Amino acid sequence: MSDMWSPLKGTRYLMMSNNLKDNSAPEPNRIDYAEFIRAPDIDLGISAKDKARLVSRCERPDKRNVLWTSWIAPWLVNGDLNQHIPIHEHKKSNFAHQGSERAAALVDAEEMAQLGYSLFSNILSIPAFQNDDGTWQRPRERCTIGPFLIFTFEADHTELQQQVNWLWSKDDDGQTAIDRLDQYLSAHYKDYRGYCAVWSGNKSVHFHLLFSSAHLSRATLEVVAKAQGKNPAAQIRDHWHGDLEPDLLWDYYSDRWDRLAYLFRDVAGITDSFDASLRGLHQKRRLPWGLREAEAGNTFGLKEGDLIPQAVLEENIRRTSAKGAEGYLLSAEEARCLPPLQRSKPLSGRKSVSLVADELLPILADYLRDRWGNEYPKPARITEETNGITVRFYNSADDQNPRSFISEDYRCMLWFGRDIPAGETLKPLPDTSVTLGELLIELQAELDAKAIASTVAKSGVRNRPSGSPINQLFERSLLSTAPKHYRSAMSVAARQASSLSACSMIVSAEGGGKTTAAIRDAGRFRLEDCLTNFFGTRLDSPECGFQVVAGSSYRQAEEHYQAYRAWWSEQTDHADIEFPAPVLLMSFAEGYKRYCITYGVTAISYSEALGKGYDSLVEAVYALQPKVFDQISREKNEAWKVPGLKGRFDNAFHNPTTALIFTTHEMAQTFNRPTLSKAWLHPEFDPLDIQNAERWIELATQFRLYRMIHDEVSLSDLLHLDSAHDVSVAGEFKVLVKKVTGMDWSKVGQSQRLQILNDHGSVYMKGLGFHALCRIIDIGYDTADLNTVDFHAHPFGINNKDDAMYVSTHGSQYYLRPKNWWVQQNCRVLITTTEALVAQVARWINKGGERIWVPQIRVHRLDGEEFLAADYIKLRREKGASKKGIGGLVRDMLDNGADHIITDMANNASVNVSTHISSRGRNDLQDKNIRTILTFLAKDEYARLNVIAQRFGVSDIYHLHYRDRLNQAVGRNRGLRQNFETPCEHEVVVSPTLYRCLGGGDFFQAGRYPAYLQP
């Protein structure tokens, strides 16, 4: 060692104090990194051959230092992007930017900055503030799109020898496990740049996988291009596909880490468990060629304080993507498909939340024990730590040092310490749609509700709360099963559920008041939400977007509008908040249709407009019926005016907080989609804008949602579902359009598409219809959406011979794809329904993939029979309840005392007959005597339910379907809607065969409306 620069011991501190002279700066190859590990008596737990190889790596560190020299060092601090790479001396270092600045200064001075540090993190934005206690803005609040992301994997429970075997032990083809992974990633991901395997200086290797992320941000890509001497415009043109909102990065990083962990298993054949804490974007990881100090009593035989090199065992990093690479691991579009998870403010900094740790701890323990099914892991204490509110756990009865933990921003507990189950690194919360912080808030709300309910005796309700915290809160708030108490408790539960999740679904009995409660609470909810939660680019803030109430039709939207308007007009000045004024918003097509009916004007259909060469109905009416256009435009502009101060009227469009919009499902689900008809709704729309696409797109994009209250959701609201035949015909039409025009589908106008259909379309294309063709093409089904009907998996009916109606559907195919409007709108969504089947499907709609499952829609079931008193109704079996005899049956019923009939088969043109779908949510049948006729499923309806059952694992789908139909119909005038002073009758009629098929009395005498045959 006589020719070495100096012993390593002490070098670390010289570097940190920056006392080295310029002429004495160490050179990498003049430092003996292996000084403390070379001795024969030092046992690293690996073979002598592998130890020699490790030592040899230490003799030429410059050969394997690209991750540092080309990626980390140049981006330690970047003022253009306001970013830094947190770099740490030890595990307890904070995420402040000063360490990055010191390291950058050492790099600029051409000194070996790596010697002064042992850990680093992924790129964060420079903190915007420092708290009074000296801590800095939390890492989660500083997500930013930097030039690259590093995904780190550490198998800390695997022997070190096995880990180095992954790097150095070759198979018969001359490849190591990491070689196979590296080649796969290189071939499949354009953003993959290679790997760096760093010995941690202890019992594990940190496998760093490097991915370029500059393509996720136009601004970042431009800065990187300039730094690399490339043409920014060309780089943006070739690589940028839209910005990834920084708010998404925290959860998207964990999602991508899970994907890579799967590839370690599937491609490299490495089945060992990795440290799940490294799923966190900000987690500290080992720095290449950094130094760590040996601890007392270490297993290697080193003395305390000896410096251990974090040697780079292998490295294969490139500056650009591999030739022939396809696809991206990191995609802004894919990230936007993740559920918009709630981002609550830190519990420690929230004025509106008071957590009582001593009271919460046993409640949390009971909650986890009931849902995990075991006493352990058991919460030991609730504390406030660096990562916010944290719960520490005992792993077993013998565990006296609770090291396992979960912090408030996370959904999984990390195992640490003794008695860890074999193969486990993390344990998800029972409901992974919430973080720990959100769960604690819910449990605290449940505690608070106990205090309210403790002095009130409740009848007909279970004494012991069960289910989720929202269920428990609802139960605690329910004073009795009387309708007024049910609706009061529903108001409490709906607000709490909506405040804790970006997208929630409330399932309750018919007439439960869930939608009404949410509508009346809209103003207060907006105010409290603003004070409680963070709002970034993922969720529009309460000040920037509209609250919208969506009904299944304009009839139901108007019904909600009128009811709220009557209530709103009764509110007086003594109210503690200003309630938003109601605005009824109709589409151009709806306003135009109503005007033409009212004034006897001949309406232009959409197809006629396209046939005349116009690409929209707006354009056609303006050109052909200008007076009609002017009048409906004035009516639209008047609809935006709401009462303001001192008797004046204000335009609600420019102040979204003053208005509550009422419209339809379709309008709400596409609220932020820029179309010409959407631009027309803008109060500043000028007819001249029709020919100025840039201008009308600017107007249309100003429509932003803060929150949607979606009433009575149906399966068609949640799912795209089309037969394989229809999808095939639509695909042929798309090919035909390109063949005729020579242009891609997206570049061909609607009028030209219709002309091609009329002139060249096949019989099948014309039979399916222009609108259906366009809709299916725009969905973009692929083979992953294809499902095959399996009669034997989900049989139905009595006659199950080969030629039977339902059996004949076996083997037919349908394309099924979940919709995602609740994600695309970037807003809060509260969905209401009474249907159990809809709730089950919503519960299981998720992104898929190899990640901790987080449902997109958080479902709260408040429809349990324990919350309601049973309402008994009449049941009758009639042979006429079939396709052949239903017409006469309906006429007989109407002639013999029935005020209204609900059935799907009747063709009677009567206002007193409605289908199950059209009667859903109606409030105007409360005082009618109703007959509901249940009939067998149509053949296509059976097949569609069959593929839904297979896709979402619904075992009893047909019973759920009929139960929902029965509940919806009977709930029009019974149950919570029943007028006890003048009760109306409701009789269910069913054919004897269907009665037997559904299970007879076992089916009909169950549920919240038990139905009994009359003698």
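## Strand β24 and its partners

Strand β19 (residues 546-551) runs parallel to β24 and is joined to it by 5 bridges, where two strands count as paired if DSSP finds at least two bridges between them. Within this pairing, Ala-550 stands opposite His-710 of β24. Strand β24 also pairs in the parallel sense with strand β28 (residues 828-833), over 4 bridges, and here Met-708 stands opposite Val-829 of β28. Strand β24 (residues 705-710) is mostly covered, with 6 of its 6 residues buried, that is, under 20% relative accessible area with a 1.4 Å probe and protein chains only.

The model is predicted, so local features need pLDDT of at least 70 and side-chain atom pairs count only at pLDDT 80 or more, while totals for chains, interfaces and linings use all residues. Residues are numbered from 1 along each chain as its sequence is written, and side-chain values use heavy atoms, with hydrogens and water left out.

## An antiparallel sheet

An open sheet of 3 strands has the order β3-β4-β9, with antiparallel pairing; its edge strands, β3 (87-88) and β9 (285-286), each pair on one side only. Strand β4 (residues 119-120) pairs with β9 over 2 bridges, and Leu-119 has Arg-286 as its bridge partner in β9.

## Helices α6 and α9

The axes of helix α6 (residues 177-188) and helix α9 (residues 246-266) come within 10 Å and cross at roughly 130°. The contact (heavy atoms within 4.5 Å) is made by Ile-178, Leu-181, Tyr-184 and Leu-185 of α6 and by Arg-259, Leu-260, Leu-263 and Phe-264 of α9.

Technical notes: Buried means under 20% relative accessible area, exposed over 50%, partly exposed in between (1.4 Å probe, protein chains only). Axes are lines fitted to C-alpha atoms, for helices over the stretch in contact, and angles run from 0 to 180 degrees between N-to-C directions.
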